Structure formats: C-alpha cells, structure tokens
Amino acid sequence: MNRRPLLSFTVCWVAGSAAGCLFSGRSLLFCLAGLLLLPVVWAVSGGIRWRTAGVLVTALIVAALYWEYSEVRNVSLLPKVLGQPVSELNEAYITAAGVIASPVERDGDRVDFVVKLSGIRLHQGELAAAAGTEGEVQAEVNPGGTAKTGAERALEREAEGERVTVQIKLQEESEIAEAALWQRGDRVVIEGELIQPQIARNFGGFDYRAYLLTQKIHWLLKGTGTASVTVNPQVSWEPSTILRWNDKARSVLGAEMSRLFQEPHAGYMKGLVIGIQKELDPETFRQFSQLGLTHILAISGMHVAVYVGVILVLLRRCRLTRETALTVTLLLVPVYVLLSGAGPSVIRAGIMSMIALLAARLGMLKDGLNILAASALMMLVWNPYLLLSISFQLSFLVTAGLMVYTPLAAPLFRRLPGWLGSSLSVTIIAQLVSFPLTIYYFNQFSLLSVAANLLLVPFITFLVLPLGTLALLLGRIWNTAALLLAQLAEILNNITFAAVEWVNRFTAGVLIWASPSFLWICLYYGLLYGLLLALKRRTEARLVPQFMDDETRPLAELERPEPPGNGRWKIGRNANSKSGNTTNQPDLLSIANSRRAALAFQAYPPTGATRWSNPAAILCAIGLTILLYKGYNTEAIRDGSGSISFLDIGQGDSSLITTPGGKHILVDGGGTVSFGNREEWRIRRSPFEVGAKTLLPLLKQRGIHRLDAVILTHGDQDHAGGLQAVLEGMPVSALLFNGTLADTEPYTKLMTTALDTGVRLYPVQQGMSLAPDEATRLNFLWPEPRAAGQILPEEVEDQNHESVVFRLEMNGRSFLFTGDMDQAAEEAILRSARQSGIRQGRPIDVLKVAHHGSKTATSADWLAFWKPGAAVISAGVNNLYGHPHGVVLDRLADANTEIYRTDQQGEIQLRVGKGGINVRHKLNKCVNSLRV
C-alpha cells in the first residue's frame with residue numbers, strides 16, 4: 001500500500017461511503033470509530049507512516065460526511081413548493097413545466113423520459129407560494145416567452161434541480177409519430193397525476209423508490225396521450241445540446257442497424273456494438289443471463305480496449321508520431337463513451353483509458369491499480385450514488401480482481417500453451433471474482449459459465465463485433481458490402497444463439513443461491529486470495545532446485561562432473577595440472593555454474609516462506625468449501641419451525657409454505673390479468689408479468705432450489721398466470737390442481753410446460769391428504785369427488801367454485817386455504833361435515849380469506865364453523881374490484897378475527913413454531929405474536 005497511496009486513499013473513501021450508506025446516527029459513529037482504528041493500528045505496527053495514516057483517516061471521515069451531505073440534499077422539494085404533505089401530493093393532478101433531461105424512449109404504448117422541473121402547480125388550488133394560472137406556466141416554455149411572472153420565478157428558484165420521471169400512456173397509434181419528435185432539451189408543459197414510486201412490498205423484493213432515489217428522482221408524473229404534453233423545441237445552444245446531438249447520433253446509428261439486420265439480430269447487434277439494449281429480445285437476454293454472458297451485451301472495457309487499439313493502429317499507419325497518435329486517441333475516447341450510452345462500466349473503462357494514454361504521452365510510470373483507483377475516486381466524487389450501481393460494482397470489482405488474482409493464478413496454468421493458459425486464467429478469475437455479486441443480485445450461477453465465456457467471448461469479440469462494426473461503418477458508403485457483412489454476422493449470431501440455447505438445456509448446471517451477507521462476501525474473497533497465494537507459493541517451490549546437504553559446503557570442496565579423457569575436475573583444481581598440483585586459480589565454468597545456482601536459489605522464496613504453503617492451501621480450500629456449502633443451504637429453518645409467507649403480488653394470490661422439514665410448497669402464483677386482445681402497437685417488448693418480475697426472483701432470492709409441490713387452486717389467470725415463469729425457471733416436483741381444465745391459452749400452455757419439464761400432475765379432491773414431513777399435513781376439503789368412472793379432466797368455465805380448499809396442520813397449528821371458492825362451495829363443505837356428524841369444526845388459527853375478500857364468500861356460517869383467530873386477505877392496492885368488500889370486513893370483525901391485508905401491510909410472514917405463531921409484515925417490520 002505504501003507504493004500505491006492513491007489506491008489506499010480510494011479504498012478508504014469507498015469504505016467511508018459504504019459506512020455512510022449502511023448506517024446513520026450513533027451506528028455510523030461506531031462504525032467509523034472501528035474503521036478509523038485500522039489505519040492507526042497499521043501505523044503503530046510500522047506498516048505505514050503516521051502522515052499516511054492521517055490521510056487515510058481523513059479519507060474515511062470526509063467520504064462518510066460527503067455521503068451524509070448528499071443524502072441531506074437528496075430530498076424532494078415539491079412538498080415545500082406546493083405546501084402539501086407527501087401523502088396528499090400522491091395521486092394529485094398537476095401541471096408541470098420543465099426541460100426534457102434524458103433520451104425519450106418508447107416501449108409499446110408508453111413513452112418515458114425525465115424532466116427537470118422549473119414550474120409546477122396543483123389543479124385543486126393556486127400556485128404554491130404565489131397566485132398564478134396555467135397560462136403563466138405555459139408562458140415559461142414558449143420560445144419567446146422570456147418574461148416570467150413572479151410566481152414562476154419563485155417556483156423556479158424553489159424547485160431548481162427537481163427531476164421527475166414522466167410516463168405518457170399513448171391512446172392512439174397516430175401519437176407514435178408525434179412522440180418521436182420529442183428530444184432532450186425540449187421545453188415541455190405536462191398535465192398528469194403525480195405518483196410516489198412504489199417501495200418493496202415483499203421481503204427482499206425490488207424497491208423501485210430506492211432505485212430512483214439513487215438517480216435523485218422522487219416522483220413519477222403520469223400523463224394520458226400526447227395531448228397532455230405541450231412541447232417547444234430547443235432554439236438556442238445550451239450545454240445539454242451536446243447530449244441532444246449524441247441522442248440523435250445514437251438514434252441514427254440504431255436506425256442503420258435496424259436497416260442492415262433482421263430481428264432478433266438488430267436488437268442484439270445494437271446492444272453489442274453501440275450499447276442500445278432496450279430493443280434486445282427478452283428471451284435472448286434471459287438465455288445469455290442464465291450463462292453469465294450479459295457482460296458481452298454491455299459496452300465495457302473490452303469494447304473500449306478494441307476501440308482504442310484500432311484507432312492507435314490506424315493513426316500509426318497514417319504516419320503520425322507516437323505522441324500525436326496518443327493525443328488524438330485520448331480526445332476521441334469521450335466521443336465513444338457518449339455514443340455507447342455512458343453507462344458506469346464504459347465510463348470506468350473510458351477514464352482508465354484516458355489516464356493510461358495521458359501517462360503514456362507524458363512518459364510517466366503506469367500502474368493499473370492506481371489508474372483504477374483514480375477512476376473510481378473521480379466517479380464517486382462526481383456521484384456518490386454510483387456506489388450502489390450494480391454495473392459500477394461489477395465493473396470495478398472484476399477489473400481489480402483480474403489485476404490482483406490473475407498473477408496468483410498464472411503459475412497454475414504454466415504447463416499449458418501460453419495463449420490457452422492466459423485465456424483460462426483470465427476467464428476463471430473473472431468468474432470467481434464476479435461470483436459473489438452475481439449470486440447476490442441475480443441469485444443463480446451456471447456451472448457451465450466458465451466454458452461458455454471461454455468459447456463464446458473470443459468468438460463474439462473477434463468475429464461478430466468487428467463484422468457488426470464494419471457493417472455499420474460501411475452502411476452509407478458501400479451498401480452491398482455492408483449487407484453482406486450483416487448477413488455473415490447473422491449467420492454467426494445464429495451459431496451463438498444455438499450454442500447458448502443448447503447449453504442452457506442442461507438445467508442441472510444452473511444453481512440457485514440465496515443473496516449472501518456482506519460478511520460472507522468478504523470471507524469469500526479473503527479465502528480465495530489465501531488459496532491462490534498458497535497454491536502459487538507451492539508451485540514456485542517445486543521450481544526451486546533441490547539442494548542436498550553436501551551441496552551447501554564451501555565451493556572449493558565440491559566436485560563437478562568428469563569430462564571424457566580427463567581426471568576428475570574439482571572446483572579450485574586446475575584442469576591442466578598433470579601432477580596433481582593445485583593452483584589458487586579458480587575454474588571459470590565452475591564459478592559461472594555456482595553463481596547461476598545461487599541466483600536461482602535467491603530468486604525463489606526461502607524455504608520458510610513455502611513450508612506452510614500446503615497446509616495453508618488445504619485450510620483455505622476447506623474454509624472455502626464450508627463457506628460455499630453454508631451459502632448454498634441458507635434457506636433451511638433449523639429450529640424446528642415452519643413458515644408461511646402470504647406474498648404481495650398485486651390483485652392475485654400466492655403463498656409460500658416452508659415446512660419444519662425444509663419442504664417448499666407454493667400455493668398459486670398470481671398473474672397479470674389482461675383485458676381483451678391488445679393492438680399490436682401497444683404490446684411492450686418486456687411487459688410486466690408477476691411471475692417473471694416478482695414471484696420467481698423472490699423464490700430465488702430466498703435460496704429455494706426446488707419446489708417440492710405447487711398447488712394450483714384453480715385456473716383463473718390471477719392465480720395461475722405467474723406459475724408459467726416458475727415452471728420455466730425453477731425445478732418443480734409435483735403440480736396439484738383441481739382436476740379440471742380451463743379453456744384459456746395460458747392455462748393450456750402451463751399444463752403443457754408441466755408435462756414437458758417432467759412435473760408430476762395430481763388432481764386432488766375432497767378426502768385426500770398430503771404429509772410432506774412428520775410435523776406437517778395437508779387435508780383437502782374441496783373440490784368434491786369426481787363421478788365414478790371419470791378419468792379425463794373435464795373443462796369447467798366457473799373455476800372459482802372448483803377451487804382447491806385444504807386445511808394445513810403444522811407444529812400443532814392449523815391454517816385454512818380457500819382459493820377463490822364461492823359461498824356455494826362453502827355450503828357444500830359445511831353440509832358434508834354435518835352429514836358426517838360434525839356440527840362444529842375444530843377452530844383454526846389463520847384463515848386465508850377466499851376470493852380476495854369478495855362478498856361472494858366468507859359467509860357468517862363459514863366463520864362460525866371454523867372460528868378463525870386471524871384472517872389474511874390478499875388484494876391489490878386500489879384494485880378495480882373494491883376488494884376486500886366492507887361486508888366481509890364487518891363479518892370478520894363480528895367474529896372477533898384479527899385481520900391482515902397485503903394491500904395495506906405488504907407481504908405477511910408467519911413463523912410457526914411449537915410455542916406459537918409470530919407475525920411480521922413488510923410495511924411494518926415489527927414482529928408480534930398472533931393472538932389465537
């Protein structure tokens with residue numbers, strides 16, 4: 001670290017920023033105190049000078065304060081400007097004026113962009129801080145409207161820098177052409193609804209509000225149709241004009257790619273060559289993601305290195321001097337960074353390239369880690385929230401890992417040819433270094449990832465990427481050649497797609513991991529470093545000449561080999577002596593050999609340094625194995641408790657049961673309900689789907705490797721739709737359903753997928769039971785038994801009546817799951833019980849209320865029969881159906897039943913132990929015991 005003070009400073013800056021991010025108040029002070037002790041201890045031990053320790057301490061403190069300063073400033077100004085609390089501003093209708101501050105992107109019937117506000121007013125009242133009219137707000141954005149009212153000027157001062165994300169829902173296909181004219185820098189007036197971004201409503205779920213907060217955005221503004229937007233193009237030059245030109249250039253390049261390539265190749269090549277990923281086919285992205293190949297689709301250091309190398313070669317071919325070539329390339333790097341989208345990874349690569357080029361131009365000593373540290377420091381000072389960016393973390397961590405770990409791993413591949421050993425070491429180290437962040441954010445890792453990267457990355461980098469780039473450059477110069485190159489690239493793409501799809505068929509190689517803790521990640525990197533270092537020392541020790549005891553004697557006493565025809569030569573004995581007389585003249589060859597041996601011996605670590613290499617390697621390997629095992633099996637509940645999670649998946653149902661024995665049972669999967677056939681132009685490339693975007697990521701994030709059973713209560717889309725993604729993305733042992741078929745395309749596709757993936761299908765009915773382990777039992781109460789002789793499932797339109805109803809017994813506690821059953825099914829179950837002589841059911845602890853709280857179920861007789869201590873209602877926030885119905889809520893209240901609702905409390909988790917039931921919910925994380 002003494003040789004790299006900038007690296008030490010940057011590491012401390014990152015640590016201080018991380019402390020400010022993770023902690024606050026007294027916790028932050030304690031964390032900083034612990035961090036500040038490290039440089040002090042280092043200085044006391046003599047590792048660094050006290051002056052250096054003072055600089056590192058300063059870096060820690062300043063970084064933490066800088067983060068806190070950024071947090072204080074990162075608040076919305078609108079409540080103060082409009083004089084309303086946040087709760088009242090949410091869903092308020094407003095008129096806002098400002099400037100478009102991002103590219104305008106359209107996906108289906110929705111247009112998205114960011115606006116930097118300059119004026120805003122509520123429709124319900126006057127302009128905040130002063131009276132005004134809509135015309136006054138309009139005056140600000142008119143090209144010639146330079147005169148602003150006092151109210152607008154006040155608003156502009158108050159709301160300066162406030163950014164909102166705008167979403168415009170197009171109403172007619174003809175509006176597409178109008179929205180295509182909107183550009184960055186245009187001044188706009190927008191009428192719409194002000195919405196606060198959604199927070200995570202499930203434990204471990206994606207927090208959209210926190211994500212936008214890292215971009216200093218606090219509100220969404222949703223408008224309807226282009227009529228809600230008044231646009232006035234930019235008429236004068238401003239600093240943002242450069243970005244406006246860059247957006248146009250990227251748009252032109254993207255259009256040229258679409259002309260040269262057919263789909264899905266066009267979207268793939270746009271991402272590969274110019275970093276436009278929005279048009280990438282979702283299925284292609286999923287396939288690449290499963291193999292850990294998505295880094296190919298993002299402009300990164302590889303692309304920048306190729307770009308810089310090509311420019312340098314071309315400039316040198318043009319007879320430019322070395323200094324001139326370096327200077328020109330240095331100036332052209334920012335152009336490429338902008339054209340490729342300026343993501344964190346390409347900015348990092350661009351800054352590193354510029355620093356390296358400048359150092360080469362000035363003849364300064366270049367050090368990769370110092371250059372990397374300088375890049376990270378500049379980016380974090382510019383925007384500290386980049387620390388939370390997945391792209392930033394992966395880019396810097398993998399680059400640093402390659403610099404630190406590759407030299408340790410290189411000796412392990414010394415027996416291989418140079419090119420193969422180098423490729424293997426770089427690929428394996430990149431995978432090992434990125435592994436913790438990959439499983440933390442994406443919760444899966446393919447064992448075939450190393451092989452896929454080793455084979456496909458060079459293939460794409462050195463064949464497909466150059467062909468696509470050359471075709472793009474020749475498109476307007478030599479169209480015939482460009483089209484031929486594009487066709488050749490498409491052939492290679494087809495090979496790539498086929499290879500990726502073929503490898504992904506080996507689903508056993510895809511492992512699902514729970515998101516590890518920060519401590520786990522630190523231990524992983526430490527053990528990995530220790531293992532590679534010990535193996536390196538061990539390998540180097542084998543290369544050291546093995547000296548025997550007699551070889552340590554003084555050189556004059558050592559003999560060397562006897563040449564033919566002469567007597568024995570000894571060191572210090574003159575070879576030309578005939579009488580055996582000796583001289584003091586040393587033998588030159590012996591001296592040379594002795595010096596080489598001494599130098600060879602000194603070039604390798606002493607025996608003491610390598611003595612512990614084998615035990616150290618074994619200990620690190622054992623520690624790493626235990627760590628990986630613990631990380632892979634984190635989902636098991638070890639205290640004999642089970643759990644039930646009522647997930648918040650909007651207007652639908654999905655519950656996850658984990659038994660005390662570690663079995664996982666998913667009840668329903670929610671689903672996105674669509675109304676009627678949508679026009680083709682409205683369909684989005686990657687529409688929101690509950691199963692793929694919410695349910696499956698939650699299951700993976702919790703480290704569930706396999707679902708032992710999926711219970712589909714009935715075939716309605718809001719219960720069955722999300723299961724399609726689950727069956728495609730996770731192993732499932734069995735699917736239990738109500739024994740009927742629904743005449744819908746999604747349901748048919750679901751059942752076909754189950755058969756194709758080898759999932760066992762079980763139609764359940766009244767009287768059946770399932771015992772996953774000794775502490776758990778499911779007794780099925782509905783649907784009623786099928787008629788004698790009926791083998792094939794029949795098609796039933798009213799799926800609600802046929803919902804699977806079962807009673808779950810776990811650790812002596814009971815829970816009733818009811819699907820979307822109607823009152824007729826309730827009456828049939830009660831009638832069957834009475835015919836069996838049961839007048840009063842054994843009370844249950846928790847009732848899953850039927851049909852999201854609809855008044856068509858949960859009758860008073862039903863509640864009187866079961867006497868539930870608590871009830872859980874799964875319903876979407878502000879759903880169109882008015883669920884849960886007031887009548888049902890009154891019935892539950894009259895039955896003295898405690899009510900939990902996902903629309904108000906988010907995910908509701910029950911921890912079921914032998915001592916009772918503990919409840920917690922996402923929107924209020926306090927834990928309490930269930931009153932039963």
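A nonpolar patch is built from residues that have over 30% relative accessible area and no salt bridge, with their nonpolar side chains joined within 5 Å. In this predicted model, Val 40, Val 44 and Trp 50 make up one such patch, covering about 310 Å² of surface. Val 40 belongs to helix 2, which runs over residues 25–44. With a relative accessible area of 32%, Val 40 comes out as partly exposed, because that label covers values between 20% and 50%.

Now for the inside. In soluble globular proteins, nonpolar side chains tend to be buried together. Here the largest nonpolar core has 36 residues, and Tyr 268, Leu 272 and Ile 460 are the ones that touch the most other members. Two or more residues each come from helix 10 (241–260), helix 11 (265–274), helix 19 (449–474) and helix 20 (479–504). Helix 19 is the top contributor, giving 11 residues. Leaving aside residues up to four places away in sequence, Leu 272 is in contact with Ile 296, Leu 297, Ile 299, His 303, Ile 460, Val 464 and Leu 465. Another core, of 29 residues, lies apart from this one; Trp 13, Val 304, Ile 351 and Leu 357 are among them.

Val 690 and Gly 671 are 19 residues apart along the sequence, yet their C-alpha atoms are 5.4 Å apart in space. Again not counting residues up to four places away in sequence, Val 690 touches Ile 649, Gly 669, Gly 671, Thr 672 and Leu 695.

Notes. Residues are numbered from 1 along each chain as its sequence is written. This is a predicted model: local features need pLDDT of at least 70, side-chain atom pairs count only at pLDDT 80 or more; totals for chains, interfaces and linings use all residues. Side-chain values use heavy atoms; hydrogens and water are left out. A nonpolar core is a set of buried Ala, Val, Leu, Ile, Met, Phe, Trp, Tyr and Cys residues joined through side-chain atoms within 4.5 Å. Buried means under 20% relative accessible area, exposed over 50%, partly exposed in between (1.4 Å probe, protein chains only). Helices (H or I, at least four residues) and strands (E, at least two) are DSSP runs, numbered from the N terminus. Contact means heavy atoms within 4.5 Å. Patches are made of residues with over 30% relative accessible area and no salt bridge: like charges are joined within 9 Å, nonpolar side chains (Val, Leu, Ile, Met, Phe, Trp, Tyr) within 5 Å. Accessible areas come from the Shrake-Rupley method with a 1.4 Å probe; for residues, only the protein chains shown count as cover. A salt bridge is a side-chain nitrogen of Lys or Arg within 4 Å of a carboxyl oxygen of Asp or Glu.
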